[in-house]
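This briefing is intended for a reader meeting the structure for the first time. Please view the model alongside the points that follow.

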Amino acid sequence: AKVRLAKAEAAAADRKLREEQAREDAVEDEERLRLETERILREAERASGAVPDEEEEELRSEPTNFWWLAHANHKPNDAGEVGSESVGKPNRHVRVYLHTTFKEFQEERRDLGRHAYPELLHLCFERGVAFSPIDLFWQTRDLSEATEPEQLHYSLEEVEHCNYILFWFGGCYGWSPPSDQFNLETKNRAWLSDLRGEASYTISLGELLFERAVLSRIEDAQGRSFFYFRDETYGDGFEEQIQKYFIEKDEEAKEKLGALKEKMRQTHMQVLEDYMEPMSSVRQAFEDLQEAIHRDFPVPDNPQAIDTMRERHAHTALAQSRRGLYLPVEEWIMRVHAHLDTRAHVSHPLVIVAPPGGGKTAFVSNYVSTYRHFLPQALWHQFFVGCTSESTNYQRVCVVLMQAIRDRFGIDDPVPKRCKAGEWQRELLIWMSMAATRE
């Protein structure tokens with residue numbers, strides 16, 4: 001019993017000693033943190049010029065010496081960084097708007113869906129680009145549905161978001177929206193009201209879309225708008241009840257159709273004239289879009305780079321979405337300024353901690369966007385956990401950072417894809433060491 005009591009007393013004394021030591025360590029850590037915070041804030045105040053009034057006169061006589069001025073003449077290098085121009089627009093999407101009259105071009109629309117679109121989808125997939133053909137007649141069963149009020153609304157909505165436009169015209173001018181539908185749409189579209197006032201006649205849906213998608217943005221439409229004119233005698237051999245879908249009987253509508261085609265020719269864009277076989281126009285449309293996609297979305301030299309670029313576009317889209325309306329917190333900015341001071345040789349990391357929705361992503365995105373030029377030669381690597389399905393995997397975090405180092409500093413070594421759990425830290429340190437030896 002005495003032995004057990006002695007052991008218990010020794011254990012209690014030892015526990016008390018450890019608790020006292022832990023309290024002392026905590027006090028020392030707190031004091032170190034307080035002193036470090038004060039130092040960083042003082043550096044930030046000096047860097048920003050926000051110094052106390054009593055020191056203002058003293059410092060006014062000294063030349064301004066902000067740390068980032070030492071890098072002011074360096075050429076910026078942001079190649080491959082999330083949010084940079086070299087990455088390109090995050091919305092890598094080929095949206096093709098197809099306009100035809102309803103009954104006249106059913107065979108062309110069917111052949112496009114069977115032959116052209118699958119090939120174009122594969123072409124876009126090789127480039128990490130989404131492909132979406134827009135044909136509002138795909139699920140339209142009869143002419144009454146094709147002329148419903150929603151047709152004008154959805155056509156105007158969709159054509160605004162498409163970057164490639166295909167127009168098919170044959171012997172018919174096409175459906176003209178009635179006045180009540182026009183009036184309804186002009187409430188939210190001032191340009192539509194102006195266009196209607198300028199036109200001296202009832203305008204068709206096709207001409208309306210041409211005015212908006214091509215003429216109003218003629219520079220962007222160059223090389224991205226294509227016209228296919230079928231021979232107007234195509235329907236001569238059909239029975240009379242079918243001819244009305246292929247041959248315009250109204251003389252005024254014929255004049256409008258001729259004037260519209262002439263306006264399309266005067267744009268000096270790609271025009272296929274007087275074709276007779278539907279498949280010939282489909283082949284031409286495929287070649288036109290194929291050439292445009294090759295030009296606008298070239299294939300990366302390294303096939304592995306497709307996944308990398310796709311991921312960078314996703315992070316770029318998230319970063320840009322947080323830059324719309326943002327109120328900066330000056331204290332946070334000054335803390336980061338002081339931490340990045342190249343004269344201080346700070347070796348420890350700066351961690352930004354906040355609860356979900358606290359503004360971490362918005363702060364990082366806006367800080368990099370605004371102050372990246374302070375260190376123009378540095379690698380600013382933005383990676384947002386939760387942005388993609390793989391971004392929560394710590395292995396993917398390591399791989400993406402090593403890929404960024406390889407691309408920026410021209411390192412030839414392949415990025416490891418699989419390592420044991422304990423080896424990722426070692427590999428990452430090796431890659432960061434290689435980056436440190438490069439200029």
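Helix α3 passes helix α12 in a right-handed crossing. The model described here is a predicted one. In it, α3 covers residues 106–125 and α12 covers residues 278–296, and the two pack with their axes 9 Å apart.

**Helix α3 against helix α12**

- The angle at which α3 and α12 pack is about 25°. An angle under 35 degrees counts as roughly parallel, and α3 and α12 are therefore roughly parallel to each other.
- On the α3 side, the contact is made by E107, E108, D111, L112, H115, A116, E119, L120, L123 and C124. On the α12 side, the partners are P278, M279, S281, V282, A285, F286, L289, Q290, I293 and H294.
- The residues of this contact between α3 and α12 comprise 12 nonpolar, 4 polar and 4 charged.

**Helix α8 against helix α11**

- Helix α8 (residues 205–213) packs with helix α11 (residues 251–266) at an angle of about 20°, and their axes are 11 Å apart. This angle makes α8 roughly parallel to α11.
- The crossing of α8 and α11 is left-handed, whereas that of α3 and α12 is right-handed.
- E207, F210 and E211 of α8 meet L260, K263 and M264 of α11. By type, the residues in this contact of α8 with α11 are 3 nonpolar, no polar and 3 charged.
- Helix α8 is largely enclosed by the rest of the structure, because 8 of its 9 residues are buried.
- The buried residues of α8 are L205, G206, E207, L208, L209, F210, E211 and A213. Among them are E207, F210 and E211, which also take part in the contact with α11.

**Aromatic residues**

- The structure contains 15 aromatic pairs. One of the aromatic pairs is formed by Y117 and F131, whose centres lie 5.9 Å apart with 55° between the planes, a tilted arrangement.
- Y117 belongs to helix α3 and F131 to strand β2 (residues 130–134), so this pair ties together parts that are 14 residues apart in sequence.
- Y117 counts as buried at 6% relative accessibility, and F131 counts as buried at 11%.
- The rings of F167 and F169 have centres 6.5 Å apart and planes at 15°, so this pair is stacked. Both F167 and F169 are buried.
- One aromatic cluster is formed by W68, W332, F363, Y367, Y371, F374 and W380.

- H268 is placed in the loop between α11 and β5. Although H268 is not a glycine, it has a positive phi of about 60°.
- H268 has a relative accessible area of 71% and is exposed.
- D274 is placed in strand β5. D274 is likewise not a glycine, yet its phi is positive, at about 55°.
- D274 is partly exposed, with a relative accessible area of 49%.
- M276 lies in the loop between β5 (270–275) and α12. Its relative accessible area is 38%, and M276 is partly exposed.
- Which residues does M276 touch, not counting residues up to four places away in sequence? The residues are D231 and Y234.
- M276 and E232 are 44 residues apart along the chain, and their C-alpha atoms are separated by 9.1 Å.

**The chain as a whole**

- The secondary structure of the chain consists of 17 helices and 5 strands.
- The chain has 439 residues, of which 38% count as buried.
- Among contacts in the chain with a separation of 6 or more, 75% are between residues 24 or more positions apart.

Notes
Residues are numbered from 1 along each chain as its sequence is written. This is a predicted model: local features need pLDDT of at least 70, side-chain atom pairs count only at pLDDT 80 or more; totals for chains, interfaces and linings use all residues. Side-chain values use heavy atoms; hydrogens and water are left out. Axes are lines fitted to C-alpha atoms, for helices over the stretch in contact, and angles run from 0 to 180 degrees between N-to-C directions. Helices (H or I, at least four residues) and strands (E, at least two) are DSSP runs, numbered from the N terminus. Angles under 35 degrees count as roughly parallel, over 145 as roughly antiparallel, 65 to 115 as roughly perpendicular and the rest as oblique. A crossing is left-handed if the near helix is turned anticlockwise from the far one by less than a right angle, and right-handed if clockwise. Contact means heavy atoms within 4.5 Å. Ala, Val, Leu, Ile, Met, Phe, Trp, Tyr, Cys and Pro count as nonpolar, Asp, Glu, Lys and Arg as charged, and the others, Gly among them, as polar. Rings of Phe, Tyr and Trp (its six-membered ring) pair if their centres lie within 6.5 Å; planes under 30 degrees apart count as stacked, over 60 as edge-to-face and the rest as tilted. Buried means under 20% relative accessible area, exposed over 50%, partly exposed in between (1.4 Å probe, protein chains only).
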